[in-house]
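Here are a few friendly notes to read alongside the structure. Keep the 3D view open and look for each element as it comes up.

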Amino acid sequence: MPPKIEHIPEQRLQKLNNIRALGIDPYPPRYHRTHTTKQAIELFEQAEKDGKTESAEVNVAGRIMANRTMGKISFIDVHDSTGKIQLFISKNELDEQSLALLKELDIGDIIGGKGVVFRTRSNEPTIRAKTLTMLSKSLQPLPEKFHGLSDVEIRYRQRYLDLISNEDVRKTFETRSKVVSAIRRFMDGRGFLEVETPILEPEANGAAAEPFVTHHNKLDKDMYLRIETELHLKRLIVGGFEKVYEIGRLFRNEGVSFKHNPEFTTMESYEAYADYNSVMEMVEQLVSSVALEVLGTTAVPRGDTIIELKAPWQRLSFRDAITQYSGIDFVQYPTVELLRSKMREKGMEVDPKNNWAQLVDELLSKFVEPKLIQPTFLIDYPVSLSPLAKKKQGQERVVERFEAFAGGFELANAFTELNDPLDQRERFTQQAKDKQALGGNGEIDEDFLLAMEHGMPPTGGLGMGIDRLMMLLTNNSSIREVILFPTMKDKPNEITDKS
């Protein structure tokens, strides 16, 4: 008997020992699977079309999810990534070793089954198993389906249990993979080049977010996990690539909520000789075409509402939207003191540390964003909210920026990119002062400014949240439902009770 490990059920350890005593390796290095469960059923259905009552012999493999024994007959449900199939086991037909193994099987074990496929009296395609092969002995019981898996702590911390037990969850992440592939096909089809940029950076610049800090031992310097891919992608535009994009992780040292995770996935793109109007058109086409390709429709449910993703999307000015939904025209309150006072008049709790731009963003989040259910572009933002966007011609305080919303949350952010290096330096300097005033890092990316000084063409840039898009396409209300391993709070060092 192996040494007792307190959290492993004794019965399972005993069965493991019994299997080894039979001369069977409970964790063999390989298994020759000839068919998935889906392929085995398809093979049988083709045999039926040919007038046969059985298929050719198949070897399938998967996890035991049900085991029903009735005297000398057992039915075992085996699940793999393509579906499930039933094994019919007659103790009179099994070889001696398989018969001995049968007594040691538990729900959760991974086994192989060999035999022909036939149809039972209940009309279910079933393998008449001649041999059973142990592929992996499960030492832990699976959670009871409707009790254990309702605990979100288990579902998110032990995602493997969630995937084993919940078919809808597996489908969500299969859909996610298809969505990312469809985005790549769309961007490649428009002539964009996919690239990779650094995750470790010497400065945390490019967006207003708190970075994660690490330390490089050999260089003896602090470095930062990237909070954006923007500045490196723009360097490539300076270098002569005219259409580039990157799909990858960003890291922001912020709180966890239904729509925020400290590490998240974006698709960021830059196109030379484009502006935010052409990027808007691209976003409409991208989202609608991906939905059509992956889901077969551009109409997706959101609670009791159907969201239509087909172009054209609604366009609202940023100022008009905030005035309409909050009752505050922020342009009439140009200082932080005036705007803070007006917001308090409206009964809002206002963080005294927030600057004017953060207060305006708070108005957007509280009053406007939840109302934008159908796809909507908010356009023309205040310059103080957008240090990397180009000013709208003839308007000193407004930039050519849009954010795309649907389902009550933001999907994408885009600019006509600032390409005046002197204006960029001035805005970076002001942004650094604002960060320092709040106790943050006020470094300026001088290498990026040097690149800009060599000349960057007019450019349209986009950042799209893959996780948020997945929330929309799969009708999920929490970002943790579409991230395989979301960030969680610390938990005591104990084994989760799954019973």
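This is a predicted model: local features need pLDDT of at least 70, side-chain atom pairs count only at pLDDT 80 or more; totals for chains, interfaces and linings use all residues.

1. The protein chain contains 14 helices and 18 strands, and its C-alpha trace spans about 90 × 55 × 50 Å along the principal axes.

2. Of the 499 residues in the protein chain, 49% are buried. Take the contacts between residues at least 6 apart in sequence: 65% of them join residues at least 24 apart.

3. Now find helix α12, residues 421-437.

4. Which residues of α12 are buried? They are P421, D423, Q424, R427, F428, Q431, A432 and K435. An α-helix has 3.6 residues a turn, so residues three or four places apart point the same way. The buried residues of α12 pack against α7 (230-238), β16 (398-406) and α13 (446-453).

5. Next, look at helix α6 (residues 167-189) and helix α14 (residues 466-473), whose axes come within 11 Å and cross at roughly 120°. That angle is why α6 counts as oblique to α14. The crossing is right-handed. On the α6 side, the contact involves T172, T175, R176, V179, V180 and I183; α14 contributes I466, D467, L469, M470 and L473.

Terms used: Residues are numbered from 1 along each chain as its sequence is written. Side-chain values use heavy atoms; hydrogens and water are left out. Helices (H or I, at least four residues) and strands (E, at least two) are DSSP runs, numbered from the N terminus. The expected span of a helix is 1.5 Å times one less than its number of residues. Buried means under 20% relative accessible area, exposed over 50%, partly exposed in between (1.4 Å probe, protein chains only). Contact means heavy atoms within 4.5 Å. Axes are lines fitted to C-alpha atoms, for helices over the stretch in contact, and angles run from 0 to 180 degrees between N-to-C directions. Angles under 35 degrees count as roughly parallel, over 145 as roughly antiparallel, 65 to 115 as roughly perpendicular and the rest as oblique. A crossing is left-handed if the near helix is turned anticlockwise from the far one by less than a right angle, and right-handed if clockwise.
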